[in-house]
Amino acid sequence: MYGGAQRAAGTNEPAALWMAVRLYYRSFFLLIEGSDTAITRMLGGSVPPGNDALWQHARDAGYNTDLLKRVENDSGNLVEQGVDEVMHLKIANVLLDYEPPQKLIICTGDGNESDFGTSFLQQAKRALKRGWHVDVWSWKDQLSGKFDRLRGTGSGTLTVNELDNHYWYITFVRRGTYFVGTTPVAVADRIVHAMP
């Protein structure tokens, strides 16, 4: 979601330096949860980057936050490993622990299978088969069309939501000096807009 917000800045806020764009969790959580009372909240991510304040805000909002360390790949780059698989497992546990009708909210557009043969798409399909309502939230350019093809695959219902329409209410620009290549660029704050 975080990287998707930065990419969405190119369309929604082209004057903003993408690396200064941040996801405003408080409004993001209000948007995806709506008036529903969440029984279980989960958030996964990787470190670095640290972003300790953001992770703590998620914990304070009641999210069970799993952070995994990035690992070095064969090219020497730090890459995320295992974050999606942990979330897939946790979704599977929720599907086993709670009987329908329930609502599963998945914030991803990733329709691909992981290196270990699991996916958000499979978990959404399992939820629909069990009679759950599934809400998928994603940025438009990250949203796999595979989710739309799940409609009618079970006794549950599926809603796909694009975050782009809410860009100004769930993002802000963080003031600071950022480097574009070797050139320092000073960026001013842009506060999040109030939710309508």
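This is a predicted model: local features need pLDDT of at least 70, side-chain atom pairs count only at pLDDT 80 or more; totals for chains, interfaces and linings use all residues.
What share of the contacts in the protein chain with a separation of 6 or more comes from residues 24 or more positions apart? The answer is 63%, where a contact means heavy atoms within 4.5 Å.

Residues are numbered from 1 along each chain as its sequence is written, and side-chain values use heavy atoms, with hydrogens and water left out.

Let us take the overall form. Along its principal axes, the C-alpha trace spans about 55 × 45 × 30 Å. Of the 196 residues in the protein chain, 37% are buried, that is, under 20% relative accessible area with a 1.4 Å probe and protein chains only.

Now to the pockets. A pocket is an open set of points on a 1 Å grid over the protein atoms alone, where a 1.4 Å probe fits and protein lies on both sides within 12 Å along at least five of seven lines; lining residues have an atom within 4 Å of a point.

The largest pocket is lined by 47 residues, and those nearest its centre are Met1, Met42, Leu43, Gly44 and Cys107. Among the elements that give two or more residues to this lining are helix 1 (2-12) and strand 2 (42-47), helices being DSSP runs of H or I with at least four residues and strands runs of E with at least two, numbered from the N terminus.

In the second largest pocket, helix 4 gives the most to the lining, with four residues.

Key. Buried means under 20% relative accessible area, exposed over 50%, partly exposed in between (1.4 Å probe, protein chains only).
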